Amino acid sequence: MNNKKIFMYFAIIMLIMLVLGIGWITIKNHNNNPEIKEYTPEEEITTDQLRRTNIVLYFANKTTGEVETEIRQIDSKLLLENPEKQIIKFLIEGPTNESLTKLIPEGTKLINTQVSKGVLYIDFSEDFINVQNLGKEEEEKIIKSIVCTVTQINEINGIKILINGEENKEFLDGGVNFKELFTLQV
């Protein structure tokens with residue numbers, strides 16, 4: 001019986017020491033971590049800065065030829081009315097990054113855009129298809145650039161390309177025909 005009491009006292013002392021040890025470690029770690037202080041900017045944020053937003057555009061890398069992203073910060077007011085049209089205009093203008101090059105053929109004009117049931121109808125001038133010797137791979141990169149860029153807009157799931165208002169056109173090489181609906185291939 002005496003052994004049981006000694007063992008019980010020993011167990012209670014060990015339990016108290018364990019609780020005190022955990023408490024001491026917790027307090028010590030809390031003191032080692034400085035408090036997180038609120039960040040105060042060095043200058044006031046202007047209303048112009050508040051109106052800025054980032055968009056992602058897709059262009060070709062000059063070195064590898066692969067389709068890559070360019071993140072551009074623009075005034076969000078540009079996207080209030082017909083954002084699809086504005087984004088495609090950015091693709092036509094080309095990248096600001098010197099290591100990238102635009103894919104949409106030179107001289108291409110955007111005639112109109114219209115969204116219907118999740119499909120963006122893009123009407124380009126004939127300059128879009130009048131480039132010879134592109135090859136199917138380059139034509140597919142042009143389509144990928146457009147699809148990847150505009151499907152970031154929530155309501156757009158695919159695109160249909162028109163040339164001067166007409167459907168079912170194709171590039172001069174005949175590699176890519178516009179009969180189909182182009183969607184983001186995941």
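Biologist: How many residues does the largest nonpolar core have?
Modeller: Bear in mind that this is a predicted model. Among the residues with the most contacts inside that core are Phe 124, Phe 128 and Ile 146, and Ile 159, Ile 161 and Phe 178 belong on that list too. The core's total comes to 36 residues.

Biologist: Which element gives the largest share of this core?
Modeller: Several elements each supply at least two residues, including strand 1 (52-61), strand 2 (67-75) and helix 3 (83-93). The largest share is 6 residues, and the element behind it is helix 4.

Biologist: Leaving aside neighbours within four places in sequence, which residues is Ile 161 in contact with?
Modeller: Ile 161 is one of the residues with the most contacts inside the core. With those sequence neighbours set aside, its contacts are Ile 122, Phe 124, Phe 128, Ile 143, Phe 178 and Phe 182.

Biologist: At what angle do helix 3 and helix 4 pack?
Modeller: Ile 87, Ile 88 and Leu 91 in helix 3 meet Ser 145, Ile 146, Thr 149 and Val 150 in helix 4. Those contact residues divide into 5 nonpolar, 2 polar and no charged. The crossing is right-handed. The axes are 10 Å apart, and the angle is about 145°.

Biologist: Which residue in the turn between strand 1 and strand 2 has a positive phi?
Modeller: The two strands pair in the antiparallel sense over 9 bridges, with Asn 54 standing opposite Gln 73 in strand 2. They form a hairpin with 5 residues between them. The phi in question is about 80°, and it belongs to Gly 65.

Technical notes
Residues numbered from 1 in each chain as written. Predicted model: local features only at pLDDT ≥ 70, side-chain atom pairs only at ≥ 80, totals over all residues. Heavy atoms only, no water. Core = buried A, V, L, I, M, F, W, Y, C linked by side-chain atoms within 4.5 Å. Buried < 20%, exposed > 50% of the residue type's maximum accessible area, 1.4 Å probe, protein only. Helix = DSSP H or I, 4+ residues; strand = E, 2+ residues; numbered from the N terminus. Contact = heavy atoms within 4.5 Å. Axes fitted to C-alpha atoms, helices over the stretch in contact; angles between N-to-C directions. Left-handed = near helix turned anticlockwise from the far one by under 90°. Nonpolar A, V, L, I, M, F, W, Y, C, P; charged D, E, K, R; others polar. Pairing = 2+ DSSP bridges.
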